[in-house]
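Here is a short report for a reader meeting this structure for the first time.

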Amino acid sequence: VVRPDRLADSPPLFRSRPGAARALTLRWDRDRLVSASEGDTVSAALLGAGVLATSRSLKYRRHRGPYCLQGDCGTCLVRIDGRPNARACMTPVRDGMRVEPQNRLLPVGPDPTALVDEVFVHGMDHHHLMVRPRVANLLMQEVARGLAGLGRLPDRPPEGTSKNRHHTPDVLVIGAGPAGLAAASPLVRGGLSVLHVDRIDPAGLRATAGSSADRVLGSTGVFGVYPEEGIWAATTRVPGSADVLHVVRPSHVVVATGSRNPMLLLPGNDVPGVVSARGLVALLQRCKLELAAPAVVIGRGSHAELVGRVLDVEVLEPSDIERIEGRRAVTGVRLRDGRRIACRLVALAATPAPASDLPRQAGAQVRWHDGGFAVRRDDDGRCTRSPSWTLWATGDVCGWMGPQEAERDGRRIGAAVLAACRGAAR
Ligand code: FES
């Protein structure tokens, strides 16, 4: 039996802006149809339809839903078309796509493993639990094995065979946010060969970067640096297609990996419906959606004020919060002065933290800055030199700057890289 969106028991969180046709449909949890527009991510479609809880915590068995909305935290993992562990926030909707929750004991309905939190209130000693009698141990192992993995194995092997591609560009640019795009532009105009990659899918890149995204290889994440071999490794992963492994031997690398959205330490910060404010703003812009449910921003400082203005919702001080309320979904925020604000979305606006893991793998030094590790660089943006390449960094990965400042920084560093390449060619 296929149910259309049950608007009565799960009112939508978003509404489409005028003129956006919702022509696509995905099937959620076997029997619920959810509509979406071209370019929407799976998270945008599900949140928009009021589906907040999409999996369970592996350890605590509490409900989980998307948090960062930009591919960093892993709380949005779902099974898509029979393949487990797809990031709903990074996967564009295709018509007829099957999306299922994972890490549940039963495929549909309430999950009895949620009782773990209630029964083992002081924690569980899983080393000794049900070791005897043997039959109980066999039963426990069967259940534990089913819950401990990340989802079930794929229904079938992926179509086609994986491919390898080798690249030897003058410059590898990683990240197509404001800094990465601004840095790549003078390099391309200057006639250098540039390989520019980003994890976001091409539709998402077009929505955020316009036509300059056409030069960017989308859906491509860099996952490893091998200085001894002179290699950077990346994969292009598109649902329904074979993965592509890229082996890149660049002369220069510009890291513009931006920043992540940290959690604020508040009781109830893991209830589905608590999302990062920056991720929420990006999702609404990308998918041309508007908030259709009461929401609040929690945070302090210029970043929180900015997202509060963009979303047009109240901004609350973290120190004023008693707890975020709700179990399967956010229902409100309780303040220390006894007031309660009813809402269905809570957007956390902690100062973004530099996404510096990759440059650190490549040997860049970091410093503690505003709640994260920012990359150290010289005045031109240079971080390290190895026999194979020179590493440069620009934008938020060097410490949170915000989009305008990041773009200015990208232009400056792009010009410095171009000058270095030309100097080397003379
Ligand atoms: S990885 Fe998708 S919400 Fe964080």
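The report covers a sheet, a helix, a pocket and some salt bridges.

This is a predicted model, in which local features need pLDDT of at least 70, side-chain atom pairs count only at pLDDT 80 or more, and totals for chains, interfaces and linings use all residues. Residues are numbered from 1 along each chain as its sequence is written, and side-chain values use heavy atoms, with hydrogens and water left out.

**Sheet.** Helices (H or I, at least four residues) and strands (E, at least two) are DSSP runs, numbered from the N terminus. Two strands pair if DSSP finds at least two bridges between them. Four strands make an open, mixed sheet in the order β9-β15-β14-β13. β9 (163-167) and β13 (220-226) are the edges; each has a single partner strand, so one side of each lacks a neighbour in the sheet. Strands β14 (residues 231-236) and β15 (residues 244-248) run antiparallel, joined by five bridges. Thr236 has Val244 in β15 as its bridge partner.

**Helix α6.** Buried means under 20% relative accessible area, exposed over 50%, and partly exposed in between (1.4 Å probe, protein chains only). In α6 (residues 277-286), seven of the ten residues are buried. Among them are Leu280, Val281 and Arg286. Just after α6, Lys288 has a positive phi of about 55 degrees.

**Pocket.** On a 1 Å grid over the protein atoms alone, a pocket is an open set of points where a 1.4 Å probe fits, with protein on both sides within 12 Å along at least five of seven lines; lining residues have an atom within 4 Å of a point. The second largest pocket has 23 lining residues, with Lys59, Arg61, Val116, Met124 and Leu147 nearest its centre. Helix α3 gives the most to this lining, with six residues.

**Salt bridges.** A salt bridge is a side-chain nitrogen of Lys or Arg within 4 Å of a carboxyl oxygen of Asp or Glu. The count comes to 21. The table gives three of these pairs.

| Pair | Closest N and O atoms |
|---|---|
| Asp72 and Arg199 | 3.2 Å |
| Arg237 and Asp243 | 3.0 Å |
| Arg382 and Asp380 | 3.9 Å |

Arg237 is exposed, at 53% relative accessible area. Salt bridges with shared partners join Asp72, Arg199, Arg260 and Asp357 into one network.
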